[in-house]
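Colleague: I would like to go through this model with you. Shall we start with its contacts?

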Amino acid sequence: MTTADDSNTAKKRQIINRFLAKLTRDEPQMYYASTAEVARALFLMIKEHQNRLEIEEQLLVKGLTSRDIEMILGFHH
């Protein structure tokens with residue numbers, strides 16, 4: 001993995017964390033949901049709000065799948 005890949009992964013994680021904070025604020029019961037369920041909810045939120053993201057962020061999340069989000073959520077540094 002290159003430094004650019006690491007940087008993009010970190011940026012994707014930041015975007016996902018922003019949406020995760022909004023999701024758990026708007027739907028507190030999601031805190032207790034499975035990672036797969038949270039990932040699906042985040043995937044839908046990101047797709048719904050994608051046009052409101054900055055251009056660079058739009059490009060980062062463009063091909064993001066629910067499974068990708070699940071993997072990012074499940075992998076902790």
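Modeller: A contact means heavy atoms within 4.5 Å. Keep in mind that this is a predicted model.

Colleague: What share of the contacts with a separation of 6 or more comes from residues 24 or more positions apart?
Modeller: Take the contacts in the chain with a separation of 6 or more. Residues 24 or more positions apart account for 60%.

Colleague: Which pattern does the chain follow along the sequence?
Modeller: The chain has zero strands and four helices. Read in order, that gives α-α-α-α.

Colleague: What radius of gyration does the chain have?
Modeller: The chain has 77 residues. A compact globule with that number would be near 11 Å. The chain agrees with this, at 12 Å.

Colleague: Where do the buried residues of helix α4 lie around its axis?
Modeller: Helix α4 spans residues 66-74, and its buried residues are Ser-66, Ile-69, Ile-72 and Leu-73. Seen down the axis, they fall within an arc of 120 degrees, so they line one face of the helix. In general, an α-helix has 3.6 residues a turn, so residues three or four places apart point the same way. The buried residues of α4 thus lie on one face.

Colleague: Which helices do those buried residues of α4 pack against?
Modeller: Buried here means under 20% relative accessible area. The partners of the buried α4 residues are α1 (3-26) and α2 (35-49).

Colleague: How far apart are the centres of the positive and negative side chains?
Modeller: There are 11 positive and 11 negative side chains. The centres of the two sets are separated by 2 Å.

Conventions:
Residues numbered from 1 in each chain as written. Predicted model: local features only at pLDDT ≥ 70, side-chain atom pairs only at ≥ 80, totals over all residues. Heavy atoms only, no water. Helix = DSSP H or I, 4+ residues; strand = E, 2+ residues; numbered from the N terminus. Rg over C-alpha atoms; globule rule 2.2 N^0.38 Å. Lys, Arg positive; Asp, Glu negative; His and termini not counted. Charge placed at Lys NZ, Arg CZ, Asp CG, Glu CD. Buried < 20%, exposed > 50% of the residue type's maximum accessible area, 1.4 Å probe, protein only. Arc of directions from axis to C-beta.
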